[in-house]
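Student: I would like a close look at one part of this structure. Please keep it brisk.

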Amino acid sequence: MKALMSLGALIGVAGILLLGGMVFDIVPSTTVRLVEGYMPIQMIVEVACYVVGFAGLSYILNAMGMAIPRFWQGIGFWVFFLMYLKFRVYPPIPFSVRAMYGTVALVTVFMWISANEEDWKKFKQPIMNVLDAQTGANRLLRYAYLVLIPILVGGFSFNAMMPKSEEPIELRTVHPAPPASTKVHGKTYVLQTSQNPYRVNPEGKYDQEFSNANIVEQSMGRLMKPNANPWDDKNQGYLKYVREGGEIFFQNCHFCHGDNLNGRGLHAFAFNPIPANFTDPGTIAQLQETFIFWRVSKGGIGLPNEGFPWASVMPPWEQHLTVDEIWKVILFEYWHTGYYPRTWD
Amino acid sequence: MMDSITQKAGIIAAAAFGAVLVSSAGFSVVSAQGLPEGFKKGDLAPEPSAEMIEAGKRVYFTKCVWCHGVDGAGDGPGADRLWPRPRNFNQGTFKIRHTASGELPLFDAKKPVAGQNDLFETVTHGLPGSAMPPWEGILSEEQRLQVLSFVTTQLVKDRKFTDKQSETQTVLQLADLKPKPATDESKKRGSELIVEKKCVECHGMEGRGDGNAFNLKDDWGFSIQPANWHKCWNFRGSRQDPYNVGNIFRTFSTGVNGTPMPSFADNTSVDERWDIANFVNSLCERDPLGNPLPIDPLTDKPKINFVIPSDQFEGEIPAEIEHEAWQKAPKRYVAMGGQITHKPRNFVNRIDDIWVRSLYNDKSIVYLIEWDDRTKSVAEGKLPWAPTQVNIDIKEQAPKTGEEESIAANQNKYDVYNDAIGIETAVKWKELPAPIKPRYLFGSNEQFPVDIVKWEADGSLRAFKGTGWDKDFEERDNYEESMKLLKSEWKNGRWYVMIQRPVGNKKDQDYDEDTFFEVGQYIPTVFFAWDGHNGDAGRKMAVSAFFYTFMNPPVPQETYIYPVVIAVGVVLLEGWVLTRRANRKKGKTL
């Protein structure tokens, strides 16, 4: 037990040192990268490691007679969590999201310290001590609080009331409801029943299984399967069209959506919000091919009102590409990201 | 001490062998072994294993082939619409290196170490200002080494990385050279050296890359532009660390292979190189306190604040940039992308940012817009279309043309039109139903048009109404008379344009065509920029995202009263809590 706890304590100390290093910019927060798509799991695992570490640390300190009071444990953990969000997580998450997580963490900490009457009392004790001001130090602290709190609250409210020119927040629906059908180049496509005409096997028949077997591998790098190279001249069917789609993508789309389809193309920095990241599991992986077909054909202007049309400058690609080219690009996007399009069944 | 010894040795060696390398400094700085100062002989790296090469092929044909092509000749499907064109690997010419001019870059498939593996760093951090993205986080370290093993052995065809007969490695020992502190003295010496070493001939008097802007060619005959020292985040060799002076020192010491940028290692001492690097680094845009601009990790460009604050000014707004009010006005970085939504799309926009400041008084609002443009372009003769015309005969680059007709080859063949800047604001922006904003290019429809103010380098300042991206502009009656061009000047690669327009009111202006600027409100604003030498006209231009003009209101009185009231309230609350606690304790003890 003791050995186990010592190990835990070691993890805890190492973890704190690491985080400290990140706070003071000694250890870059990119040392262990959070990989897009796996980020939430990675974070949960990391925080779990920290919790185990802290438990071990607390046990050891307790055994050595240097126990940390519950009050400071609670506050300490909450502060740790805020620091973790701010300094560990990369790419950085905005303050509003951190504030939300921080609040949830605060509630969790309260639940933990008020789990039983004993703990709650222990937690309250330091606060009560200050209120009662039995000792000199506590009395000093009480007066300090008496003066500081009104000043701080006044200061904050002054700051909040000063006219500011912060960017107004505008929320938008990322995947607005598509129409039932869409008319592209004079032909009507019913979204429920249309299929990508290029998702075909070498015999030329629609074949979802065949195409799914030939997409890139869903692991670091998302590389093509060793024997499924779209640049192989012998290809027939699916992979041949993937290559054609890729050519169209790299002549038209990569300027915004990027060489790795992650929304960080050559011109991406000038847009707000930056272009869609197809490698994110929240974008094309959640959608049907026909949705993408509608979205690509009609562009930002074609979005319904709840999609905030002005927040997308994607061109209506029907003005630049043929229907065949659009389907091929879509085929390529799924191939390159390694996602399966959603189907109706 | 060491410096002076090597310098003396250098002079002696140079004199003894008569190998005087001509330099404007008058003597060459060469160490005793004949190597430039700061360099050491290195060994060629061993050949990567066959497995690495094979694995790299798989990476290459998934990720790289689309631009660099099947044979690595920089002719993939994406190449013809890109400038700079993707690298042709066949000749083994690579720009960013630690090795002496003309040598192959450092690459060792077993050593992914910063400073010792140039190609690995290029793939890891990308080449900003080009379409080459950073691959870190996308490809694992192993995969990056694999793909480079493939490229260096299979696609570099004219040279061989392991051939001891023909290849040498003379490596800049950047890690061992302590950077010189960027003192005023060092920067001053640097500023003199860049003139003495003729840097300014290409990079321009202010380092905006405007010297010799159209006569430079790379090894493949494509037009190439000197770097703009004020945008360090666009330096190809910035390694996602743009304000690091070491990058400049390295590029200056090793030169950029395949381009007219030579290595200055032979005719400058290490000390002089640090002075130059310190000076060049000091030119990069900084905030008012002199700190580096925060860089957005998602885009590797400066972080954008989408609000353009406008400060109030009593009386006539000054036309001099040196005026205190302009110096104090916050300056915003406005990122510009190519207009790649509507035909003709502008795949290469030479203006990639503008800097905007604003002041207002009770009658007018003034925008001061500054942007770097290597060439002052004014169309010769009359333009073949009316100022209102948007649907004009400008072709966009075809997707597949081959090298000769590619966008890179076309760079200095365009007809020259006017440089221009446009400010688009929404008319009736207050009445728009929530989801609608007429913030498409040139307005969304008849019901919600946009108000466009456009300045052109021929000195004209015009106002238009825009009602849709595919519709020509409409003229505005008499509005131009109420506007004023306070300043328009091109100097050393930078435009300074100051445009004054009315803030608008219901009495004198047309509510249906004119944007009313209201204090304390967010007014959707979009900027357009045209570079005449890029053949920009009509919809071929650079565009910004949607910014907001915000006229800072004077501070209301409540701001000073309420916080005091709140603070007093908190004191009362504290009193109540303490009394209650005291009473309760008394009750308990009793």
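Student: Is Asp300(B) buried or exposed, and what is its relative accessibility?

Tutor: Asp300(B) counts as buried, at 19% relative accessibility. Buried means under 20% relative accessible area, exposed over 50%, and partly exposed in between, with a 1.4 Å probe and protein chains only. This is a predicted model, where local features need pLDDT of at least 70, side-chain atom pairs count only at pLDDT 80 or more, and totals for chains, interfaces and linings use all residues. Residues are numbered from 1 along each chain as its sequence is written, chains are lettered from A and ligands numbered from 1 in the order in which they are written, and side-chain values use heavy atoms, leaving out hydrogens and water.

Now the backbone. Most residues other than glycine have a negative phi, and most peptide bonds are trans. Asp300(B) has a positive phi, near 60 degrees. It sits in the loop between β3 (295–296) and β4 (301–302) of chain B. Helices (H or I, at least four residues) and strands (E, at least two) are DSSP runs, numbered from the N terminus.

Lys198(B) also has a positive phi, near 65 degrees. Its loop runs between α5 (184–196) and α6 (199–203) of chain B. Lys198(B) is partly exposed, with a relative accessible area of 46%.

Chain B has a cis peptide bond too. It goes from Lys343(B) to Pro344(B), with omega near -5 degrees. Pro344(B) is in the loop between β6 (332–338) and β7 (353–360) of chain B.
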